Structure formats: structure tokens, C-alpha cells
Amino acid sequence: MNIAPNSYFRTRKRLMAAVASLAVVGTVGAGMLATGTAPVLADAVRVEAPQMPSFADVVEHVSPAVVSVKVKAKIQPTADDGSDDQNGFDNLPDNPQLRRFFKEFRGFGDQGGQFGMRRFNHRNHGNGEPRPIAQGSGFFISEDGYLVTNNHVVSEGSDFSVVTNDGKELDAKLIGTDPRTDLAVLKVDGGGNKFTYVDFADDSKVRIGDWVVAVGNPFGLGGTVTAGIVSARGRDIGAGPYDDFIQIDASVNRGNSGGPTFNLNGQVIGINTAIFSPSGGSVGIAFDIPASTAKQVVEDLMKNGSVQRGWLGVEIQPVTKDIAESLGLKSDKGALVSSAQDGGPGKKAGIVAGDVITQVDGKDVASPKELARMIGAFAPGKSVDVTVWRNGKDETVKVDLGTLPASDKQASNDDNSKQSAPAAKPDTLADLGLTVTKAEKGKGLVVTDVDPDSDAADRGIQPGDVITSINSNEVNTTDDVSKAMTDAAKAGRKAVLMQITRDDSNRFVALPVGKG
């Protein structure tokens, strides 16, 4: 039971007073005995301590559903030349202690800081038998033996088993994986027996400061419980396009990967997948895949063995305040289309570079990350209404979504944007702090120099960039640039939106009007 702050401090005050009284009684009694006086008998002092939260009931309820996951792989036979050097460790100094240290801890930091892969590094002597390579955690989500863990725990394995809370080891079959969210589903044959399982929570109700309990298999110990609170929500740690992690401060270490984090109702609010750790151990910053994400992915994996996501086929970037100002947007919400892939669903529907996607099927788009999650939640072939901000007003286009490619690279590269070294005489755009010349094919202006004290330099424009348009109008001469700047000023805009091509990709930069 949680105690309100005032009540807690009153209880603490009574507790300290009682302890002090007990100390006085002990002192007086000792003095009387020393002088030969009959001891004073006092009633036993009872101290009512504050009732702090206990997680015992939750742990007792959920522990049977949590398992340790063991992974083995068939390693190709290698020559036994007496060397343990593998995977880039050949150049370590000839120091056994140093080599053991690095062998013990390699595997940390995989996949943008993910942890939990305990590499046993057993040497293969040529028999090709499966050897242990990883150890993590998981939990049952159905009574017939389906369980969830991390993709990075099982990704290199060929044989899998789980160890239940009562010590039984059972063979498991890999049903499917989803690397983009780092989730995997295994299946255990219970031989007619039913497994204790847990449910996913509605993580939209999870608040910062809520108590949580993590259960898992850190360092191969199995059945370990730690507690803490929710530290933050919506964390983006650079692991992928669907980053939306719950941050907790419950101690999570190597081997906890794939294990559940519970609320005090015994429901799973998230799955342990990553830690921030300069030292390699827990520093109280761990990240969970939200239950809402996991539930949807797991259902797809159980049904199809894979996850098929909708695909829009556009490259996007954030809408900054300067970009919003240059486009006449009231806020910096949405996702700016930097390019639409040839043959992609977006381009076929009429979405073009410079559009700002503000809604999908009537739901607001706050950021590029949110757009990626929204589109990915639709099935391929789904027809959706995409609202874009274009030429100062909203337009809606209907898009038949495609299937997200297996590769994370979603936009094609072509050679159309590559420019040879400029041969014409450069011109100066003093107001912008740029020196430019015509592109070789006459499409756009190649930046040859940037004033280091200019807004252009501050916003990352570099020599070699190709300016292709300003405020959606093509620019091929400095006069085109000047006209675009003048038109923006007349329209009351404080900035212009400049489209830049660099290394076969497009991006947009907002530059203030009339500033050098």
C-alpha cells in the first residue's frame, strides 16, 4: 500500500520517537543494574513501521509464466590451431586475462545498444553439433505454449529450448521473428499440459512514476525479480523506424532480453529489449517494447510467421519551425516528403517532394516516426486517405499501400541527381551567403562555396549540394532564386523552403528571407 507523503512523515516521526524511547529505557535499566538497584521492567515497545509496497503477490502470480530461453547454433567446423581469436580479436595483446574479458563481454551493443546476448564462445572441434551461443528470457502468452522473446536472442540460433520456473527444460520451435521491432515467437509442446500465461496490458494507461516489476534470467541466474518505476515514455534510441520505448529504472542486465515488465496487476506493459550502459551493466536505464506494439506483432507472427506492413514509398524528414514558417503551416507537426520513390504507392497516388503529410485516415501525424508507425500498422493493399499540405492548403489523396520491402532502404537511388563538377563561372547570392553555378545538365544550381557565418552554413548546406527548387518552384538561375525570395517576402513569409540534392537523396532546408 502506498502512503501519502504527510502520513508517511507522521509515521516516520512516531517511529523515530519510539526508537529513541527504547534507547532511553535500555540506558536507564543498565544504570540501575550497575548500582545494584532492582531493574525496572518496562512493557515491550511495539513500533508500527510504514507499510511499503510489496511485490510478492504479483511475483507469485506471474513467475510461472516467465522462462529462460536457451539458444544453440550449428557452428561450421574450424581448424583447431590452438587459437581462440575470432571476429576481430586476432590483434589483442597476448594476455589471457584481457582476452577472457573481451570474449566474455562481446555481443554488447548489438543492434543500436541492445543487450542480452550471452556469448559462450565454445570452440567447435569439427563435429558440427549445436553449441550454446545465447541466453535470454521469455514469457508464455497462451496456455498451449506460445511464448515471446527478443529477435536478437534467437536470430543466430538453430536449436531452442526453454527452462520453466520449476526447472523443467523443454524443446521449443521458432514460429517467427520481426527484426524491426526485435520480437520473436517460440512454441513449446506441452504434451497436453497447459501452461500458465500472462496478458498484455493497455500501455496507454501507463504513467511516468508507476511501479513496475521485471522478471527474467540475468546472467543465466533465472527467476530473478527486480522492481522500479516507469521513468519515461516514447523514447527514441535510434534502434529503428518504430522506436517508441518505455523507459524503466528496474535493474535489467544481460540475459533479461525478451523478459516481461509487469504492472502491479500482473499484466505485461513491455518487453525488455535494450539498456543504456556505459559500463556494460545496469545503470538504471532500460527500455521496453510497449505492450501495444508487441501484441500486434505477436499476433501476426503466430498467424503468419512474419509481419507484413503497409508501405507508402516516400522519404520523409521532420518539419522544423523554420520549415513550417516557409510553408505557411500553423505548427511544426507532420512529416515533410523529401522524395517519392519511382514506382512507389505514394508517387503513383500523386504525392510529391515538398508535400507535408499531416493526416492519415483523419488521424493527425505528429512526426515522421509516428507516420512510419501509422503506415506500418496497415496491411499491404489497404487504401488510405493521406492529407498533405501543398501550395498553402490541404489536399487529400487516396493511396493503395504497398508491402514494406525486406530491406530498410525504402527509396531507390538513381543517377539523375548526380552532378559533374561545375564548369561555368560561379555567381554569388550574397543575401543567402552562397556561391553557386549552373548544374551541368542545366537543372538546378550547384553550391560552390558557403559563407561560414551565414544561415545557410548554420543549416548544413555544403559545397557540392544542388539546389533544385525553392518553395516548390524550380530554380536554374540566380534570377530564379531572387524571384522566389522576393515572392516569399511579398507573401509575408519569413523563410523560404529550399530543396537540396546530396548523395542521391533529397532534403529540405528553410532559410530566412532577407538575411545573410
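Take contacts in the protein chain between residues at least 6 apart in sequence: 61% of them join residues at least 24 apart. Contact here means heavy atoms within 4.5 Å.

A word on conventions. This is a predicted model, where local features need pLDDT of at least 70, side-chain atom pairs count only at pLDDT 80 or more, and totals for chains, interfaces and linings use all residues. Residues are numbered from 1 along each chain as its sequence is written, and side-chain values use heavy atoms, with hydrogens and water left out.

Now the overall numbers. The protein chain has 11 helices and 28 strands. Those are DSSP runs, numbered from the N terminus: helices are H or I with at least four residues, strands are E with at least two. Of its 516 residues, 41% count as buried. Buried means under 20% relative accessible area, exposed means over 50%, and partly exposed is in between, with a 1.4 Å probe and protein chains only. The accessible surface of the chain is about 26,600 Å², and carbon and sulfur atoms own 49% of that. Areas come from the Shrake-Rupley method with a 1.4 Å probe; for residues, only the protein chains shown count as cover.

On to the first topic, barrels. Six-stranded, closed, antiparallel: the order is E1-E3-E4-E7-E6-E5. Neighbouring strands in this sheet are turned by 40 degrees against each other on average, direction ignored. Axes are lines fitted to C-alpha atoms, for helices over the stretch in contact, and angles run from 0 to 180 degrees between N-to-C directions. Strand E1, residues 66-74, is joined to strand E3, residues 130-140, by 9 bridges, and the two run antiparallel. Strands count as paired if DSSP finds at least two bridges between them. Ser68 has Ser137 in E3 as its bridge partner. Helix H6 packs on this sheet, touching E4, E6 and E7. The direction of H6 makes about 50 degrees with that of E7.

Stay with E7. Where does Leu186 sit? Leu186 is in strand E7, residues 183-188. Leu186 counts as buried because its relative accessibility is 0%. Beyond its neighbours within four places in sequence, Leu186 is in contact with residues including Val69, Tyr146, Phe160 and Leu174. Phe140 is 46 residues away from Leu186 along the chain, yet their C-alpha atoms are separated by 9.2 Å.

Next, another closed barrel of 6 strands, running E8-E9-E10-E13-E12-E11 with antiparallel pairing. E11 and E12 pair antiparallel over 3 bridges. Thr261 has Gly270 in E12 as its bridge partner.

Look at strand E10, residues 245-248. Which way do its side chains point? Phe245 and Gln247 go one way, Ile246 and Ile248 the other, and all are buried. In general, side chains in a regular strand alternate between the two faces of the sheet. E10 is joined to E9 by 3 antiparallel bridges, and to E13 by 3 antiparallel bridges. Gln247 is the bridge partner of Ala232, and Gln247 also stands opposite Phe287 in E13.

Surface next. Trp211, Ile229 and Leu264 form a nonpolar patch with about 230 Å² of accessible area together. Patch rules: residues need over 30% relative accessible area and no salt bridge; like charges are joined within 9 Å, nonpolar side chains (Val, Leu, Ile, Met, Phe, Trp, Tyr) within 5 Å. A salt bridge is a side-chain nitrogen of Lys or Arg within 4 Å of a carboxyl oxygen of Asp or Glu. Leu264 lies in the loop between E11 and E12. Leu264 is partly exposed, at 40% relative accessible area.

Further along, helix H9, residues 368-376. Its buried residues are Pro368, Leu371, Met374, Ile375 and Gly376. Their cover includes strands E14, E15, E16, E17 and E18.

Last, backbone angles. Asp361 is not a glycine, but has a positive phi of about 50 degrees. Asp361 is in the loop between E17 and E18, and counts as partly exposed at 36%. Asn391, also not a glycine, has a positive phi of about 55 degrees. Asn391 sits in the loop between E19 and E20. At 64% relative accessibility, Asn391 counts as exposed.
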